Amino acid sequence: MIYLALIQNIALLVALTFVHGLLIRRVRKQGHGYALLSGLLFGSVALVGMMTPMILQPGLIFDGRSIVIAVAGLFGGPVAAAVAVVMAAGYRYWLGGVGAAMGGAVIFGSAGIGVIGYYLRRSRPRVVSPAGLYLFGLLVHLWMIGCTVLLPAAVIAKTVAAITVPVLLIYPVATLLVCQLFLQMERHISVEQELEQERNKLDSLIQAVPDLLFEVGLDGRYYACYARHSEQLAAPAEQLVGRTVREMLPSQAAEVCLEALQEAEKTGHSHGRQFFLPLPNGELWFELSVARKTGPVEDQARFVVLSRDISDRKQHEKELLAARYAAEAASRAKSEFLANMSHEIRTPMNGLLGMVQLMHYTQLSREQKEYLENMELCSSTLLALINDILDLSRIEAGRIDLEQTLFPLELTIREVLALQNAPARQKSLEMALELADDLPEQMLGDQVRFRQILLNLVGNAIKFTEQGSVTVKALRLTGPDNSPWLHLEVQDTGIGISPEQQELVFAPFTQADGSITRRFGGSGLGLSICQRLTELMGGRIGVRSEPDRGSCFTVELPLSKDCP
């Protein structure tokens with residue numbers, strides 16, 4: 001009979017485990033609410049066990065309340081144990097009989113052992129190891145046997161003989177089993193709660209992200225959809241799941257998505273692909289970021305797709321592009337105007353300069369000749385500035401048409417140096433020319449623009465050199481495509497240019513130093529025009545220089561293979 005009661009009590013405790021699990025799932029474990037409910041649950045199970053006990057004699061019953069009360073203290077804490085004790089002790093007191101004192105002592109002692117175990121669990125996890133739980137059950141039931149001293153002397157021996165073997169051999173094992181079930185349930189529920197918390201955090205994070213998030217298969221089938229702004233979806237989320245991008249998106253957008261999935265399948269990720277969707281609220285642009293999911297192997301690869309609304313970046317780009325086009329149009333209009341004014345501005349200036357030159361042949365006083373020379377100098381300077389401005393404007397407006405004719409290369413170079421001999425002699429500068437033997441006799445190109453480039457470079461070299469020499473070198477070299485190129489160098493021993501200032505010398509209206517304009521004059525347009533003309537001719541221009549050690553400007557132009 002005692003073993004049948006044992007089986008009944010164990011069954012009750014197993015049922016208690018699952019009911020307790022339901023309680024933990026629905027009530028926060030912290031706080032008195034959980035403790036009270038847990039105590040009522042343990043107390044109720046103890047009452048059920050006490051209502052169907054094994055009766056050794058009137059007033060002396062045997063049941064599983066010691067296990068229930070001990071487990072209440074171990075897993076529920078002092079409040080839960082106290083509630084269960086009140087219920088069990090009250091009922092046992094109401095039953096009365098010769099075993100009432102022993103029953104009360106067993107109830108209070110089991111609860112005390114359970115509460116001690118509850119606090120030991122926090123500092124010593126080994127208490128809830130299998131060995132620790134077995135010793136816990138053994139201690140509870142040794143206490144039960146010890147409480148038999150509260151029975152009348154006549155029934156002690158008989159009671160001890162009846163309960164000692166099953167209590168000491170089976171009840172500790174039953175306690176271990178029940179505690180292990182509780183532990184497994186607690187851990188399982190704890191993991192569930194942690195996962196739920198993480199899921200809630202993830203949901204909160206997803207809701208905080210303004211982007212669209214999808215789980216998609218390699219074939220473009222939607223498996224999940226998260227959207228803070230549902231109006232950005234091609235269809236409601238419930239309609240997307242189970243369908244493919246080909247079914248739900250325009251063909252062009254669907255192809256972009258599938259290409260991104262294919263790339264992510266090969267490399268693990270894909271970024272930066274863009275597409276637009278025509279939506280009721282207007283056309284929206286999206287940028288995709290795709291990553292292959294890791295974890296358990298599915299029937300096919302799964303991908304996390306983040307679709308970012310970019311209606312602001314694209315709009316900003318459009319505005320910038322429109323502003324750029326407007327600025328370029330304004331610049332072209334300005335350049336067109338100046339280019340169209342070329343004849344109107346140059347003609348009266350040339351006429352004015354011609355009249356000044358004719359006046360030299362008239363009878364003039366010394367003072368008038370001095371005024372005339374100053375007028376001629378100012379007119380020449382102004383005409384040179386106007387020519388530079390108009391040339392640059394024509395280049396920017398695309399109004400420069402380069403001629404392609406054969407012209408004598410060496411003769412053209414010598415003519416430029418001849419034109420600059422006079423200003424060089426005035427400064428006592430040595431002019432040198434070094435021509436390679438393999439230079440072609442003729443060059444195919446625009447002779448006027450070629451002469452203009454070289455004239456500007458030689459003129460600058462003379463202007464910025466106080467003493468020493470100006471050397472012009474010309475040689476033939478082989479370009480990257482094995483084609484012949486002309487290499488020109490204009491080297492001087494002048495003031496030089498610092499590395500920082502070298503980056504500015506080819507910008508229009510710029511000179512290496514602001515004081516240079518006051519000291520040497522000039523508009524700062526010459527080198528800019530040289531650069532533009534060189535690039536129009538398919539070449540490149542550069543400079544090497546050190547302050548106070550001179551400069552070397554280089555020009556490289558392609559040569560026709562047919563040039564002799």
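These legends describe close-up views of a predicted model.

Residues are numbered from 1 along each chain as its sequence is written, and side-chain values use heavy atoms, with hydrogens and water left out. Local features need pLDDT of at least 70 and side-chain atom pairs count only at pLDDT 80 or more, while totals for chains, interfaces and linings use all residues.

**Figure 1. Overview of the chain.** The chain holds 19 helices and 14 strands. Helices (H or I, at least four residues) and strands (E, at least two) are DSSP runs, numbered from the N terminus. Of the 564 residues, 42% are buried. Buried means under 20% relative accessible area, exposed over 50%, and partly exposed in between (1.4 Å probe, protein chains only). The accessible surface is about 30,400 Å², and 58% of it belongs to carbon and sulfur atoms. Accessible areas come from the Shrake-Rupley method with a 1.4 Å probe; for residues, only the protein chains shown count as cover.

**Figure 2. A70 in helix α3.** Helix α3 spans residues 65-95 and contains A70. A70 has a relative accessible area of 0%, so this residue is buried. Setting aside residues up to four places away in sequence, A70 touches S110, G114, F136 and V140. Contact means heavy atoms within 4.5 Å. The C-alpha atom of A70 lies 7.6 Å from that of G112, and the two residues are 42 apart along the chain.

**Figure 3. V106 in helix α4.** V106 belongs to helix α4 (residues 100-123). With a relative accessible area of 4%, V106 counts as buried. Its contacts, not counting residues up to four places away in sequence, are S66, W143, M144 and C147. V106 and V140 are 34 residues apart along the chain, with their C-alpha atoms separated by 8.5 Å.

**Figure 4. S270 in strand β5.** S270 sits in β5, which covers residues 269-279. S270 is buried because its relative accessibility is 1%. The side chains of S270 and E263 make a polar contact of 2.8 Å. A polar contact is a pair of N or O atoms within 3.5 Å; within protein, one must be able to donate a hydrogen and the other to accept it, and residues adjacent in sequence count only if both atoms are side-chain atoms. Beyond residues up to four places away in sequence, S270 touches A260, E263, A264, L288, S289 and V290.

**Figure 5. S428 in a loop.** S428 is placed between α15 (421-426) and β9 (430-435). Its phi is near 55°, a positive value in a residue other than glycine. Most residues other than glycine have a negative phi. S428 is exposed, at 63% relative accessible area.

**Figure 6. Helix α16 against helix α19.** The axes of α16 (residues 447-463) and α19 (residues 526-536) come within 10 Å and cross at roughly 145°. R449, Q452, I453, N456, L457 and N460 of α16 meet G526, L527, I529, C530, L533 and T534 of α19. These contact residues divide into six nonpolar, five polar and one charged. Ala, Val, Leu, Ile, Met, Phe, Trp, Tyr, Cys and Pro count as nonpolar, Asp, Glu, Lys and Arg as charged, and the others, Gly among them, as polar. Axes are lines fitted to C-alpha atoms, for helices over the stretch in contact, with angles running from 0 to 180 degrees between N-to-C directions.

Figure 7. Buried residues of α19 include G526, L527, S528, I529, C530, L533 and T534. L525 lies in the loop between α18 (514-520) and α19. L525 is buried, with a relative accessible area of 0%. The C-alpha atoms of L525 and D388 are 6.4 Å apart, although 137 residues separate them along the chain. Just after α19, G538 has a positive phi of about 85°.

**Figure 8. D548 and S551.** The loop between β13 (540-545) and β14 holds D548. D548 is not a glycine, yet has a positive phi of about 65°. At 68% relative accessible area, D548 is exposed. S551 is found in β14 (residues 551-558) and is buried, at 6%. A 2.8 Å polar contact links the side chains of S551 and S545. Leaving aside neighbours within four places in sequence, S551 is in contact with V490, Q491, D492, G496, I497, R544 and S545.
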